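Please open the model in your viewer and keep the selection panel handy. We will go from stop to stop, picking residues and looking at what is there.

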Amino acid sequence: MKQLQSKLWAKITALLLLTVFAIVLFFSGLGVLYLADQGGYSNPEGFAEDHIAGNAFYSAMNSAADYYSAVLQQSSGGSGSTLSYYEQQFSRENSNFFFTVQDDTGKIVFESPDQDEAYQYTRSQEQYLSYNWRDVVEDDHVFASEEAYREYLASLERQNFSIYDSYITDISRTTTPIASEDADAEQDSVTTTEEVTTAEEVHAYISYQRFDYQHVTITGYIRSPLTAKDDIYQEAYYANLLVDNRHVLIAVAAVSFAVCLALFVFLLCAAGHKDGVPGIHLNWVDRIPLDLYLVLAVAAGACIFAVGVDLTNASIAVSIFVVAVLLVFAVLLVMSVFMTLATRFKSGAFWKNTIICYILRFLARMLRAIGTGISYCAVHLPLYWQAGLIFVGISLAELFVLAAFSRSAVVVIWVIAKLAEAPLLVLLAVSLQKLKAGGEALAAGNLNASVDVNHMYGVLKSHGENLNSIAQGMQKAVQQQLRSERFRTDLITNVSHDIKTPLTSIINYVDLLKKQDVQPEQAKEYLAVLDRQSARLKKLTEDLVEASKASSGTLPVHLEAVDVNVLLSQVAGEYQSRFELCRLEPIVKLAPESPQILADGKLLWRVFDNLLSNICKYAMPGTRVYFTSEVLPERVQISFKNISNYPLDITADELMERFVRGDSSRSTEGSGLGLSIAQSLTGLQKGSFNLVVDGDLFKANISFPLLNV
C-alpha cells in the first residue's frame, strides 16, 4: 500500500473511481431519501400513483388554465397563434393529459382535443379566468377635495377597473365671502372685513381599463395507458423505477459509501508522496497560498451550486445529466482541497504558506526594522542628547496634563521646578557619560584608562571607583599571566635542552652498537627498538621547543612575497615518494591567477610540512588527497583535504589542542603537536588557520591576505 501511495497512476485511478462512486452514492442516496420521505418504503404500491397524481397534475392543470384563458381572449379579439400552440401541446401524440371546463351551472363549456374515456387519475379545481379585455379609458376629473379623489379610485376598484395611471395635475383654492343675514350688515360689507372659508378643488388625470372575470371548474384527466413521451410519462417511469429498485438503492448506497470512504482515506495518505522523491513533495497547487486557494475553491463551489439551482425547470433526463457533470467537478474540487490540506499538514507548511502569514511576517519585519532603527539611534546618539530628549518628552507630557486639569499657578510652579531639575540632569548625564567611556575603554583592552570621579556623587562615584579598581586588577592579572607564560616557556626550553644532552649520547651509542656484530639476534631487535624510540623522543623534544617558541611569539618572522602555487607544488613534489608508500593519490588544483601573499617562506613550509606529515600518518590508504589554492575576495585560501583512516569522534577545536591526536588508541607515531604548531606559526605570519571535520573528511584551511603586486 505504501508503494502505491507514491505512484501517479494509482492516484489517478483512485480519483476516477472516487468520482464514479460519488455520483452513484449521490443518486442512490437521493433516491433512498426521496422514497423514505414520500412513503416509497411504507406504501410502495401507492407511491407511483401518489407521485403522478401529486407532481404531474400541478404543471398540467396550470397549462390547462392558460389554454382556456387563450380561448377566452381569442373570443374577445385576441391572437390565434397562442391557441394553436396549446392545441398542438394537448394533442394525443404530445400529451397524456386532457381536461374539461365547466361553468357555475355544471355545464361543460370547453374540452381539450382528443378526449378519452380511459384514464387513471382525475382532479378538479376552481379558478377565476379573465376575459373581454377592454380598451384603455382616459378621463379628466375635477374633485372637490383629495378625499373625494381617493374615494373615486376605490369605487373604480370595486367595479373591477384596473387603474393604470392617476395623478393630480392642479390644486386650486378660491375664497368666498360669507353672506350676512342682516340687510344692514350687507350694506356695511364694504367697510367691514368678514371671515371667509377656503374650498380646495382637485384636478386629476386618470387612465384605467376594465376586465371581466369568469368562474369555472377545470377537471383534468390522465390517460390510460400512457402513450405520449411527455413529462407525465417521465414522472411515471422514474417513480416506478425507484419503487422497483428501492432495496437495491440501499445496498448500492452503502457499498458506494464504503468504497468512497476507502478511496478518500487512500488519497489523503498518498497526498504529498511522489515516486522517486523522498519525504513530502509540494506541487504547484500546494505552493498557492492556502487562504487564497480556499477562497477560489469556495467561489468555484458557489458557481457549481448556482448552476445546479437553475435546473428546476429542466426535464428529468437533462437534470440528471447536468447534475452528474456538476458532481464530477464538485468531487475534483473537494478532493483537491482535502489533498492539498493533507500535503501542507504533512510538510509542516500549513500556516506558513498563507497570505495572512505573509502579511503578519511583513508587519513583524517592519516592527523589527523600526525597533532596530530606534535602538541604533539610541546607541549612537550621545548620552547627553538622549537624556535631553527624554527630559523634554516627559516635561511636555506633564505640561499638557497640567494645562488641561490645573490652574495657571500650578503651571508656573512646575516651570520653576523643571528649571531647578535641569542642572541636576546635566550633572547626572555627564557622570553617566564618564562611566560609559570608562567601561568602553576597559572593554577595548585599554587597561591604563581610568574614570574621572570628580563631581560624582553617591552610587555613581562608587561605580567609577570600582571600574578603576577593575582596571588595576586586570593589569595585575595580565602581568601575572605573562610571567606564568614566560616561566612555562623557559621551563619547556630548559627541560628540552636537558633532555637533549643525554638523548644525544643514547643516540650516538645506539649508532655505534648498530655497527658492531651484536649477538644474539634478539639483542639486535632490542637495539632496533632503542633506535626507533630514541629518534621519536628526539622529534618530540624538537616539537616541544618549536611549539613553545611559536606560542610565545619569540620566533623571528621575515615576511616577503611568496607565490602560493609555486610553494604548494614544491611541497607536493617533495612528498610524492611518501604518498606512493602510503598508497595515496595527490590531486593538486592551483588558482589560475598565481596569487601571492606576504609570509615567511620557511615558516609556511613548516606549516605545510606538518599538515602533509599528518596526512601520511592518518589518511586512509587507497584514497585521494586534495591540495587546492583559490582566490577569495581580498584573501588567498589554501586547503588540504583527506579521508581519515580512523573515526574522528572529536571536534575540530579539540584537535587543535596540544597532545591531542585523531588516533584515539595512540597506536601510530606522532605527538599531537603538529596542528597546534601549524596554527601558531600561521598566526605569527598574520594568517588564519582552521579545521573542518565532517564525518571522516578532514579539511585544513589556511588563509592569508592577498598581496596586490
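A nonpolar core, as the term is used on this tour, is a set of buried Ala, Val, Leu, Ile, Met, Phe, Trp, Tyr and Cys residues joined through side-chain atoms within 4.5 Å. Please keep in mind throughout that this is a predicted model.

**Stop 1: the core**

Start by selecting Phe608, Ile615, Phe627, Phe640 and Ile702: in the largest nonpolar core, which has 37 residues, these touch the most other members. Now colour the elements that each supply at least two residues of this core: the helices α16 (564–574), α18 (601–618) and α20 (674–684), together with the strands β10 (596–599), β11 (624–632), β12 (635–643), β13 (688–694) and β14 (697–705). Which element gives the most to this core? That is α18, with eight residues. As background, nonpolar side chains tend to be buried together in soluble globular proteins.

**Stop 2**

Is arginine 606 buried or exposed? Its relative accessibility is 16%, and buried means under 20%, so arginine 606 counts as buried. Aspartate 609, with a relative accessible area of 22%, is partly exposed.

**Stop 3**

Select arginine 624 and glutamate 585, whose side chains meet at 3.6 Å, N to O. This pair links distant parts of the chain, with arginine 624 in strand β11 and glutamate 585 in strand β9 (residues 585–589), 39 residues apart. Both partners are partly exposed: arginine 624 has 46% relative accessibility, and glutamate 585 has a relative accessible area of 40%.

Next, go to aspartate 116 and arginine 92, where another salt bridge spans 3.1 Å, N to O. Aspartate 116 sits in the loop between β2 (108–111) and β3 (119–131), and arginine 92 in the loop between α4 (81–89) and β1 (97–102), so the pair ties together parts that are 24 residues apart in sequence. Aspartate 116 is partly exposed at 22% relative accessibility, as is arginine 92 at 32%.

**Stop 4: backbone features**

Remain in the loop between β2 and β3 and select aspartate 114, which is found there too. Though not a glycine, aspartate 114 has a positive phi of about 55°. At 34% relative accessibility, this aspartate 114 counts as partly exposed.

Serine 594 is another non-glycine residue with a positive phi, here about 50°. Look for serine 594 in the loop between β9 and β10; its relative accessible area of 39% makes serine 594 partly exposed.

Then select serine 224 and proline 225, which are joined by a cis peptide bond with omega of about 0°. Proline 225 lies in the loop between β7 (212–223) and α7 (231–244). For context, most residues other than glycine have a negative phi, and most peptide bonds are trans.

**Stop 5: a charged patch**

Finish on the surface by selecting Lys352, Arg361, Arg365 and Arg368, which gather in a patch of positive charge. Within this group, arginine 361 is placed in helix α11 (residues 355–380). With 35% relative accessibility, arginine 361 counts as partly exposed.

Terms used: Residues are numbered from 1 along each chain as its sequence is written. This is a predicted model: local features need pLDDT of at least 70, side-chain atom pairs count only at pLDDT 80 or more; totals for chains, interfaces and linings use all residues. Side-chain values use heavy atoms; hydrogens and water are left out. Patches are made of residues with over 30% relative accessible area and no salt bridge: like charges are joined within 9 Å, nonpolar side chains (Val, Leu, Ile, Met, Phe, Trp, Tyr) within 5 Å. Accessible areas come from the Shrake-Rupley method with a 1.4 Å probe; for residues, only the protein chains shown count as cover. A salt bridge is a side-chain nitrogen of Lys or Arg within 4 Å of a carboxyl oxygen of Asp or Glu. Lys and Arg count as positive and Asp and Glu as negative; His and the chain ends are not counted. The place of a charge is taken as NZ of Lys, CZ of Arg, CG of Asp or CD of Glu. Helices (H or I, at least four residues) and strands (E, at least two) are DSSP runs, numbered from the N terminus. Buried means under 20% relative accessible area, exposed over 50%, partly exposed in between (1.4 Å probe, protein chains only).
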